[in-house]
Amino acid sequence: MMQLEQFNYDNKIVRDFGIATIVWGLVGMSVGLLIALQLVWPVFNFELQYTTFGRIRPVHTNAVIFAFVGNAIFMGVYYSMQRVLKTRMFSDALSKIHFWGWQIIILAAAITLPLGFTSSHEYAELEWPIDIAVVLIWVVFGINMFGTIVKRRERHMYVAVWFYIATFVTIAVLYIVNSFQIPVSAFKSYYIYAGVQDALVQWWYGHNAVAFFLTTPFLGMMYYFLPKMANRPIYSYKLSILHFWSLIFIYIWAGPHHLLYTSLPDWVQSLGVVFSIMLIAPSWGGMINGLLTLRGAWDKVRTDPTLKFMVVALTAYGMATFEGPMLSLKQVNAIAHFTDWIVAHVHVGALGWNGFMTFAILYWLIPRIYKTKLYSVKWASIHFWVGTLGILFYAIPMYWAAVVQGLMWKEFTPEGTLAYPNFLATTLEILPMHMMRAVGGALYLAGVILMTVNLVKTMRKGTLQANEPAEAPALEPLKVIERSKHRRLERKPALFMVISLIVILIGGIVEMMPTFMISSNVPTIASVKPYTALELQGRDLYIKEGCVNCHTQTVRPFRSETARYGEYSKAGEFVYDHPFLWGSKRTGPDLHRIGGKYPNKWHFDHMLDPTITSPGSIMPAYPWLMTQTIDIASTKSKMNALRIVGVPYTDEEVNSSEEDLKRQAQAIADDLATQGTTIRPDAEIIAMIAYLQRLGTDIKN
Amino acid sequence: MFKQITSLGGNEWYLITSLWIFLVFFIVVGIMLYTMRKEHVDYMGNIPLNDENQEEEKAKEDNE
């Protein structure tokens, strides 16, 4: 006879992560609304360097991804894992360290990003000390998770747990590989990769952050919470196995679809395309498995807001995972990439899939751990409709804007010149769509505020059952040999992790190793030289101000782009770019061939107030660049750090860097003086101008 | 349309190898699924529904 063991589930940690989810969700979405307004009315940049679009767009993305969604993941994982493994979390202390450590990291991000401390890699902007903290806290989470798995009372790990394991191991690999940096100072570092290779690593990371942070943990949560909400088992357990392994295997290859038509080797781009298309199958396998779980329970969907949220979440997942492969077709990508289409795509996923599933889980879980009923089911239903309208008002105008702008960029007159040679004309055309997008965002945020009130009132009504009693028989030693291989795997967490690791490493290795090892993949160009000391400082200011959030630096080999910008970009031009700054969105024009296009004075005026040179421009003004001083003392250490990662600065160049910098700066200041502008040669604007004037000019020599 | 994946200038090797790896992988998972016992599959699928305490059940019914 098996002995029943008594134990408690830890609900307090679930509640804490739940509250953090709500708080950071409100913060992240409010910042999102603010930057949406900035893209219509630049006055919302407040002429402050800490609140410009370039600096706070990463605050929005990081807050929503790592703070809102991150805390939601931990809430869902801590709740469901205890229950499917029939045990309390491994260590309450580790749970607490995990919780507070994660919140402190978020706070550190919220402070450092507006200050301009950024590595510029999208969704990995945090500087190296915070990176280390992220890894440490992630390891704490991992130990707590595996400790829980080890002391489980359920022999086999349910599918949700596999997704959590894959999430843990893959995010660890991605984050570490994409964060190899040489520190220069406490909050400045250079990536060890450059140019094309840096781009490949970043988008391998960027795409799989979507896969393994925004997707796999949520699929795990779907596999637990959806059966609970519908009160019936998942449609097909076998499908979940196929879904799991094929999803984690294929996803990892798809990163290069973010770099189509760039100077990334063609064969890597093709791999990205092929695997992106294959990705439809496992993604839809998951969606179908979720939706069919509701078979026979559709009557509940009519009345239960949590199920309504789940249905829209799954539908949004299905739409986004169909759209993704379509966008990775080169012909579609040629028009859609760098436009608002990508923004719409990502928001269908974030608002629909992640947001709505998070809300469903919050509405389901908070009343349960507070031993009460939801304060108002009607309010939750209103939230559902307001949120759904918000998503539509967000996405549809953005698709519209994308098609309008993408086609305008490519349109030629019958005489063979660009129909819209002034980039700004294409931006102004879509401002009404941006206004509607802000309305959509505001609606969505309003729904979240309503949810917050509803949940706070629910919490007030009930009492938190911090320790929920449960009982289960102890796990006895296994006496039979299990026939099915997968069944054996389901009770071996360490082996499961290792196999998952191997599966996710294959794609990355096949794509990266040849790009790094075979020199013909990145043909060098003799005339391309490292940046001068002043240009290097200017480049770091470009990074600090987050220019990459609106401007790309890669001209694609299309007639419409070479006519607008100049010669298309070559891999060899980026070999000293630590990091690469190709960007992913053209709110403003590409800047790779900006060097020498305009006089110094034009750049000065443009940065002082963009509307001087470009009436109607929505770019923020950068008056502080005229008054702040270049950090000349850091030049040598920056050049030395770059030497370690392979930039061939000579001893002489490093030793004379400060004099060289001052000489070049003086020349620019003198030139500006001849145009009637007096400015100190050590003002930041001088370095910025030097960098911009250097961009893309080496191949002309 | 398929030129982008058929003419790779001697780099087809990567593509074909990757596709083979995936195909083999898919077949192995398929065989594994085919050989799984039905009772186990049913048991595993029901795990989320087997974790409730009586009190929880009651709370849920109250909510409905």
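These notebook entries record what I looked up in the structure.

**Conventions.** I note that this is a predicted model, in which local features need pLDDT of at least 70, side-chain atom pairs count only at pLDDT 80 or more, and totals for chains, interfaces and linings use all residues. Residues are numbered from 1 along each chain as its sequence is written, while chains are lettered from A and ligands numbered from 1 in the order in which they are written.

**Domains.** I looked up the domain assignment of chain A, which gives domain 1 (4-464 + 493-511) and domain 2 (533-700); such bounds come from an automatic or database assignment. The C-alpha centres of the two domains lie 33 Å apart. Their contact takes 42 residues from domain 1 and 50 residues from domain 2, where contact requires C-beta atoms, placed from the backbone, within 7 Å.

I then listed the elements that give two or more residues to the domain 1 side: helices H2 (53-84), H6, H14 (377-410) and H15 (423-429), with strands E2 (181-185) and E3 (188-191). Helices (H or I, at least four residues) and strands (E, at least two) are DSSP runs, numbered from the N terminus. H2(A) supplies the largest share of this side, five residues. By type, this side divides into 21 nonpolar, 15 polar and six charged residues. Here Ala, Val, Leu, Ile, Met, Phe, Trp, Tyr, Cys and Pro count as nonpolar, Asp, Glu, Lys and Arg as charged, and the others, Gly among them, as polar.

**Core.** I found 217 residues in the largest nonpolar core; A:Ala160 and A:Met688 are among those with the most contacts inside it. Such a core joins buried Ala, Val, Leu, Ile, Met, Phe, Trp, Tyr and Cys residues through C-beta atoms within 7 Å. Helix H6 (residues 195-230) of chain A gives the most to this core, 23 residues. The core draws at least three residues from each of domain 1 and domain 2.

**Helix H26(A).** I checked the length of this helix: its 18 residues (657-674), at 1.5 Å a residue, should span 26 Å, and the end C-alpha atoms are 26 Å apart, which agrees. The expected span is 1.5 Å times one less than the number of residues.

I recorded A:Ser657, A:Leu661, A:Ala665, A:Ile668, A:Ala669 and A:Leu672 as buried. They cover an arc of only 100° around the axis, which puts them on the same side of H26(A); the arc is that of the directions from the helix axis to the C-beta atoms. On the other side, A:Glu659, A:Asp670, A:Ala673 and A:Thr674 are exposed. Buried means 20 or more other C-beta atoms within 10 Å of a residue's own, and exposed means 12 or fewer.

Notes
Two residues are in contact if their C-beta atoms, placed from the backbone, lie within 7 Å.
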